[in-house]
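Work through the exercises below with the sequence and the model at hand. Each task is followed by a solution in steps.

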Amino acid sequence: QVQLVESGGGLVQPGGSLKLSCTASGFTLGFAFSTYAMSWYRQTPGLQREFVASISGRENTVYADSVKGRFTISRDNAKNTAYLQMDNLNSNDTAVYYCKTWERRDYWGQGTQVTVSS
């Protein structure tokens, strides 16, 4: 079955940058990674998981208003990997970040912690 592995989280000061990666494997329908939409979500304790950004197989992108102009989602189909470049981070971006894809159902990664603090 599909597996998603995130990496790249950590502690960063306000105004700093991080780049998250999500590597996918295990697709079962025989389609290339490039056909699958990839998304990033985030969650803080006590709150619902919220949408951050998505990229389609044709590389159309959508962003939450809260991250527009600061975050950039991209993908490298040769590496089966999606990325989230996060710039000008602030404390409100502190969360566990998850990537998601869909093949018959939603699949989620294990999450990577991003902490923005001085």
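Predicted model: local features only at pLDDT ≥ 70, side-chain atom pairs only at ≥ 80, totals over all residues.

**Exercise 1: partners of Asp93**

Task: Find which arginine side chains form salt bridges with Asp93, and state where the residues lie.

Solution. 
- Step 1. Arg42 forms a salt bridge with Asp93, with 2.9 Å between the closest N and O atoms. Arg42 belongs to strand β4 (residues 38-43), whereas Asp93 sits in the loop between β8 (81-86) and β9 (95-102), so this pair ties together parts that are 51 residues apart in sequence.
- Step 2. Arg70 and Asp93 also meet in a salt bridge, at 2.7 Å from N to O. Arg70 is in the loop between β6 (61-63) and β7 (71-76), and the pair links distant parts of the chain, 23 residues apart.
- Step 3. Salt bridges with shared partners join Arg42, Arg70, Asp93 and Glu50 into one network.
- Step 4. Apply the cut-off of 20% for buried residues. Arg42, at 5% relative accessibility, counts as buried. Arg70 counts as buried at 13%.

**Exercise 2: the chain as a whole**

Task: Describe the secondary structure, the dimensions and the charges of the chain.

Solution. 
- Step 1. The chain has 11 strands and zero helices.
- Step 2. A compact globule of 118 residues would have a radius of gyration near 13 Å, and the value for the chain, 14 Å, agrees with this. The C-alpha trace spans about 45 × 25 × 20 Å along its principal axes.
- Step 3. Of the 118 residues, 42% are buried. Carbon and sulfur atoms account for 47% of an accessible surface of about 6,300 Å².
- Step 4. Take the contacts between residues at least 6 apart in sequence: 53% of them join residues at least 24 apart.
- Step 5. There are 11 positive and 9 negative side chains, and the centres of the two sets are 3 Å apart.

How values were computed
Residues numbered from 1 in each chain as written. Heavy atoms only, no water. Helix = DSSP H or I, 4+ residues; strand = E, 2+ residues; numbered from the N terminus. Rg over C-alpha atoms; globule rule 2.2 N^0.38 Å. Buried < 20%, exposed > 50% of the residue type's maximum accessible area, 1.4 Å probe, protein only. Contact = heavy atoms within 4.5 Å. Areas by Shrake-Rupley, 256 points an atom, 1.4 Å probe, with all protein chains shown as cover. Lys, Arg positive; Asp, Glu negative; His and termini not counted. Charge placed at Lys NZ, Arg CZ, Asp CG, Glu CD. Salt bridge = Lys/Arg side-chain N within 4 Å of Asp/Glu carboxyl O.
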